[in-house]
Amino acid sequence: MSVGFIGAGQLAHALVKGFTAAGVIATHRITASSPDTDLPTVSGLRKMGVNLTTSNKEAVNKSDVLFLAVKPHIIPFVLDEIGPDIEDRHLIVSCAAGVTISSIEKKLLQYRTAPKVMRCMTNTPVVVREGATVYATGTHAEVEDGKLLEQLMASVGYCTEVEEDLIDAVTGLSGSGPAYAFTALDALADGGVKMGLPRRLAVRLGAQALLGAAKMLLDSEQHPGQLKDNVCSPGGATIHALHVMESGGFRSLLINAVEASCIRTRELQSLADQERISPAAIKKTTLDKVLQQPGVTSSGVANGNGRTGLSLFNNRNNGMKKKS
Amino acid sequence: MSVGFIGAGQLAHALVRGFAAAGVIATHRITASSPDTDLPTIQQLRKMGVNLTTSNKETVSRSDVLFLAVKPHIIPFVLDEIGPDIEERHLIVSCAAGVTISSIEKKLQLHRAEPKVMRCMTNTPVVVREGATVYATGTHAQVEDGKLLEQLMASVGYCTEVEEDLIDAVTGLSGSGPAYAFTAVDALADGGVKMGLPRRLAVRLGAQALLGAARMLLDSEQHPGQLKDNVCSPGGATIHALHVMESGGFRSLLINAVEASCVRTRELQFLADQEKISPAAIKKTTLNKVMQQSGVTAEVAGVKTRGINMFNTSSPKTNKN
């Protein structure tokens, strides 16, 4: 089995590092494509033995499972370009926040009658094999496709199938979650340094405390509130600390964060569904690089409608339809 | 080597579970004592094969490494009781927040010239072998004693030696830290549920996200701010979320928490140093149970009518060398 990544940025890099550490796939069976060869992640991937290319079409040809690991607004652009190259064997897995299965299927149905599409939301701790991933299965993907994806993603952390309409909420919680944790750890270390600890020790202890607590929770049937009670001895230091946190509305800030991330995800989805990409959203040099790739024509990229932006959902491009 | 715990509560239970899972010591070589046999942790310790007793003296005589795992205000009380039974082999490891090595040595020196004392601050995730422990070495403890303690505690998580005057800050950070994390996961799960996730999934994803992020930081040389930057794509969902957190002073709340816990720890230390325990701090039934133990007399327990004076230098000494 070969795996391809459209996009060679943070997400592709993290997934490749995780997969290789888990030993689920050899790096020479992985291909990643990006028009931008200056990304720091590109050299990281190259060092790991991944096949790198500037041609998305090449990544498609060399893969069975194809991850779309580009930013959400790039997805339609990519689908237009690779649509003609998708074969029966391909399983398309979109990792783009807010991009619906139906929008992807709609694009690919111009080229194939039954494109196998799945959508997943993962997070960067896949890089240390402690990711949190959920996925939803598209109309034409089979149960075995779900199992294959789950096998891959479970090798790098927790993975479960969900209804697609929960994915935006998952984005707000575990998709963005690591950023909440990094911020918390920076602040906890500041607290430790304020009270006299050297910085390195403070960072270490803070991260270890969070890790240990999270592990306790995952291994326990008990409610987080019960676990919290268990560590608050009467009149002790911890309950004093909790009081100042509650006084500042600590819990509320985290609920706000999950909500804000989820709402923004839905906003991005709505923008994408409008099916117009402003030319301002793509660098001219990037567009040029893509057009220089073998097999890509300007009509395929639907550059014809120059007036109000690039229309990438160009139904007039039906000359490339393949039969299944 | 045998290990004893004075106290059979949350801390003793967590350490025993961790040690047993790590295989560093067999449970039948562990003894734990508590006057209160109703604690839920006692049942669990018994099920694990630990020797349970109501006699602190029995625990002392059966141990080489003796953990003091009782609440800080109980420590002087315990030291008075077991002082006469400490032998040369004993390594006393106090886990009590805010209790200084010197206060412990001072008590034990009524009975031995060179008591081997260490002080550690650990946390409950030792129970899943992901604890965070620091320790400081007392006047008469040797390098080998430090290595022995470090071997035990490193089997259940991170462990490092520190200067004693950092331990209160460690208490505020990693001692209390798990409570901050449990609160955070509870709130994150509430957020997930608000946005439509079932509760179990929300708790699972929240805890997994925290665990993964912490693991990334521990495995990385990069600054937490850099790791945060790496996951904030331009105009994306995450940076929107971070903004609302910052607007609410999220970071400041955590600095406040570490500070409050540390300050309270120092307060507790100060109260303990005053060397008087109000009789209101000990249950009469508990005191009675202790005095019923063989070998404990009212003089040894230092009970006087106007408050219990735990630092009683006037009782006749059984001075050992």
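Guide: A word on annotations to begin. UniProt positions are given in the numbering used here, and annotations may be inferred rather than shown by experiment. Also, this is a predicted model.

Visitor: OK. Which residues of chain A does UniProt list for "domain: Pyrroline-5-carboxylate reductase dimerisation"?
Guide: Residues 164-268, according to an unreviewed UniProt entry.

Visitor: How much helix and strand is in residues 164-268 of chain A?
Guide: That stretch is 81% helix and 0% strand. Its end C-alpha atoms are 16 Å apart.

Visitor: And what does "domain: Pyrroline-5-carboxylate reductase catalytic N-terminal" cover?
Guide: Residues 3-98 of chain A, again from an unreviewed UniProt entry. Here the chain is 38% helix and 20% strand. The end C-alpha atoms are 23 Å apart.

Visitor: At what angle do helix α1 and helix α2 of chain A pack?
Guide: About 20°, with their axes 9 Å apart. An angle under 35 degrees counts as roughly parallel, so α1(A) is roughly parallel to α2(A). The crossing is left-handed.

Visitor: Which residues make the contact?
Guide: From α1(A), they include A:His13, A:Val16 and A:Thr20. From α2(A), A:Leu45 and A:Met48 are among them. By class, the contact has four nonpolar, five polar and one charged residues.

Visitor: New topic. How much area do chain B and chain A bury between them?
Guide: About 8800 Å², 79% of it on carbon and sulfur atoms. The contact takes 98 residues from chain B and 98 residues from chain A.

Visitor: Which three residues supply more of chain B's buried area than any other three?
Guide: B:Leu173, B:Phe182 and B:Met195. They supply 8% of the area that chain B buries against chain A.

Terms used:
Residues are numbered from 1 along each chain as its sequence is written. Chains are lettered from A and ligands numbered from 1 in the order in which they are written. This is a predicted model: local features need pLDDT of at least 70, side-chain atom pairs count only at pLDDT 80 or more; totals for chains, interfaces and linings use all residues. Side-chain values use heavy atoms; hydrogens and water are left out. Helices (H or I, at least four residues) and strands (E, at least two) are DSSP runs, numbered from the N terminus. Axes are lines fitted to C-alpha atoms, for helices over the stretch in contact, and angles run from 0 to 180 degrees between N-to-C directions. Angles under 35 degrees count as roughly parallel, over 145 as roughly antiparallel, 65 to 115 as roughly perpendicular and the rest as oblique. A crossing is left-handed if the near helix is turned anticlockwise from the far one by less than a right angle, and right-handed if clockwise. Contact means heavy atoms within 4.5 Å. Ala, Val, Leu, Ile, Met, Phe, Trp, Tyr, Cys and Pro count as nonpolar, Asp, Glu, Lys and Arg as charged, and the others, Gly among them, as polar. Buried area is the accessible area (1.4 Å probe) that two parts lose on being put together, summed over both.
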